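Dear colleague,

Please find below the structure that I am handing over to you. A summary of the findings follows it.

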Amino acid sequence: MSDLPILFDKPIPESQVSAPYQRYTHPLLGTVFITSGFMEPAGHGYKRSPRKAIYADGSIQSIAPGHYNIGIDYSRGFGATVICHYSGVVAHAGFESGYGHRIHIRLDLPFIYQGRSHVCYQAYGHCLKLLRGVGQRVSQGDAIAIEAGHGSSGPNDYPSHVDLDTYCVIDDETYHINPDLLATSVNPDDMILPVTLLRKGSRGDAVRWLQIQLGIDADGVFGDDTLRAVLDYQRQQGDLEVDGLAGELTATRLGLVEYALFPKQAGTAFSALSDPDAVNFEFTHTDPPTPLLANWLQDHGDHWKFELKQKRQERHNWYVLKKHVSVVRGYSSPIEDRDDVITLGDLAQISSQVVAATQGRWNLALEVCPTSGCSMATASPEGLTEAGVAASHEIMRRDLLQLNDQRRENLRRAGSRFQVPVEVILAIASRESHLGAVLGAFGSDPGWGDNNQAWGIMQVDRRYHSLRGLDDPFSQAHIEQALAIFASYRDAIINSHPDWADEYVLKGACVAYNSGVNNVQTIAGMNQGTTHNDYGDDVIARAQFCCGMV
C-alpha cells in the first residue's frame, strides 16, 4: 500500500456536529469543514433497515432504523473538486436518487478487522458531476467529482458538501466504517507525502525538494529565506502570481514533478530482487540531502521499484527498501493526469464480468468498424503499389514478425487493464514504429524515433509526457502509459460525441492518438489532419487483420 494515511489534525467526530463548523486539515485534502460526524444521530434521511457500524475504537454497533448519518459530511465549497482519499478502481458511478451523482471506489487498501482482511469501498455523494467512470483506476489525490449539494432534483437540494460513506462487506453484511480506521494500519514506510501547497511554516522533505530546486539551504523548513526565494523566483517568471506560495504552478515550473526519494540512511538500490548477481549502486544520507528523482514508482512489498530520470550504470529501473527512503510525490504532467474524463456507463458493480464486458464492447466495435485502409502516401514507402485495406493488412502481416510470446503477453495485460483490444495496440504500434523495427533509425538512438523525441513502440512524445519504461521500448510501463493516454482520448470523445456509435469512438481515439482530440470533429472528416490523412482508417484496418491471430 503506497497511499498517504488520511488522518485529519483531529479525530473525526462520532457525535452530533453543529454550526459554526470546525476546520479540519490534511496535507492531501487541504482544509475542509466536517459538517456531520460519523453515525451522527439526527438530521438525516430515514434508514428503513438496521445498519452495522464500526467505530474508531473498533467496536461494532447495530443501529436500528431511524434518522442518522452512515458516513461523514464535509465541505470544501460548492464547485470544488472532490479529491480521492485512497487509490482503487471505480465500482459504481451514476445518479442515486437522494445522493445525486455518486461515485464508489473499490480501494486497494484492505480493511483489517479482527485479524481478517476485507475489501473496502468509499462512496462520495451529492456531487454536481462525476469525473471518473466505472472500471477506471484512480489514484490518491485525483479529482473524481465536483462538489455540490445534489439530491433528487438538483445541485442545490442541500447545502454544498460531500457525503463520504466508507464501508466493507463482512460475512455478506455491509458494515459502515469510521474512515479514521483505514489510516491506523498503514505502514509508515509505505507513505508518500504529496506536494500540495507549500507555504511559510511547512516542513519536511517536500520543502527540502523545493529548496534544492531553488538553490538554497535545504533544511526542510519553509522560513523567511525560503519565502524570499519563492517570491524572487515568481517575480522572475513574469506569469506566476507573486504570493510566496509554492502551489501547483510554481512547484511544477521548478521541477517538482513525479517523485523524489530521500535517503533516510545509507542503502543499496538493486536492478533485480532475489538475484545475488544483480547490478546495484550505493546511496548515502547527505547533508544537504540529495534525492533520487524518478519518473514513476511502484509498490513491491518491502521495496519500491522506481525509474530514475537519469541513468545509473546504464539502467533506469531499480529497487530499494522502503525503510531506507522517504518518498515525496510531485505534480505529474497535466496531459497525463486529466481531470476532464467522464462517466462511462450506467450504475454497475466492478467485477471480472464487468471488465470482460467492457473489453468485449471495444472488441465488437473493432469488428464492425468501417475502414478504407491506408492511403498511397502510407503504402508507397512500404514498396506497395496499391492503397487500401489490403495494403494495411500486408504492412501489419510484416510487422507481426517482431512479436514474441512475452511481448504479446505484455500487450494483453496492458490492454485488459485499460479495456483496449490487443489488436488495436498492435496496430498503433505498427503504425508508429513498425512494432519497434524502425526504432533507432534515421539518426535516433536505440528505442527512440522522431529525432529522439518519441520513445518506444507506441512512440510517446517526451515533449508532452514524462516518459516511463525507458529500459525497454516494449516495457509494460511504456505500454501502459501509452494506453492511459489512448483511454483518456477515448473518454473525451465519448463526452464530446455522446451520440456516436462505439466503432466511431474507437476510430476517433486512434485518430486522437496521432493528432489530438480536437481533430476529431466529424465521422467523415476525422482523418483529415493526421499523418498522410489516413491514420484512423489505417490503424483500424491493421487491427482487424490481427483479429483471431493474437
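How many cavities of 30 Å³ or more does the structure hold? The structure holds one. On a 1 Å grid over the protein atoms alone, a cavity is a set of points where a 1.4 Å probe fits but cannot get out, whereas a pocket is an open set with protein on both sides within 12 Å along at least five of seven lines; lining residues have an atom within 4 Å of a point. Volumes are the space filled by probe spheres set on the points, which are joined across faces, edges and corners.

Please note that this is a predicted model, in which local features need pLDDT of at least 70 and side-chain atom pairs count only at pLDDT 80 or more, while totals for chains, interfaces and linings use all residues. Residues are numbered from 1 along each chain as its sequence is written, and side-chain values use heavy atoms, with hydrogens and water left out.

The largest cavity has a volume of about 50 Å³. Its lining is made up of I6, F8, I12, I72, H85, Q122, L164, P179 and D180. These divide into six nonpolar, two polar and one charged (Ala, Val, Leu, Ile, Met, Phe, Trp, Tyr, Cys and Pro count as nonpolar, Asp, Glu, Lys and Arg as charged, and the others, Gly among them, as polar).

The second largest pocket has a volume of about 960 Å³. Of the 38 residues that line this pocket, R431, E432, Q459, N514 and T531 lie nearest its centre. Among the elements that give two or more residues to the lining are helix 9, helix 10 (476–496), helix 11 (502–515) and helix 12 (535–546); helices (H or I, at least four residues) and strands (E, at least two) are DSSP runs, numbered from the N terminus. The lining comprises 17 nonpolar, 14 polar and seven charged residues.

Three of these helices deserve a description. The end C-alpha atoms of helix 9 (residues 422–433) are 16 Å apart, in agreement with the 16 Å that its twelve residues should span at 1.5 Å a residue (the expected span is 1.5 Å times one less than the number of residues). Helix 9 is largely enclosed by the rest of the structure, because eleven of its twelve residues are buried (under 20% relative accessible area with a 1.4 Å probe, protein chains only; exposed is over 50%, and partly exposed lies in between). Just after helix 9, H434 has a positive phi of about 50 degrees.

Helix 10 has 21 residues and reaches 30 Å from its first C-alpha to its last, close to the 30 Å expected. Since 18 of its 21 residues are buried, helix 10 is largely enclosed by the rest of the structure. In helix 12, ten of the twelve residues are buried, so this helix too is largely enclosed.

A search of the whole structure finds six aromatic pairs (rings of Phe, Tyr and Trp, the last by its six-membered ring, with centres within 6.5 Å; planes under 30 degrees apart count as stacked, over 60 as edge-to-face and the rest as tilted). One of them, F38 with Y55, is edge-to-face, at 5.4 Å centre to centre and 75 degrees between the planes. Both F38 and Y55 are buried. Another pair, Y121 with Y167, is stacked, at 5.2 Å and 10 degrees.

Yours sincerely
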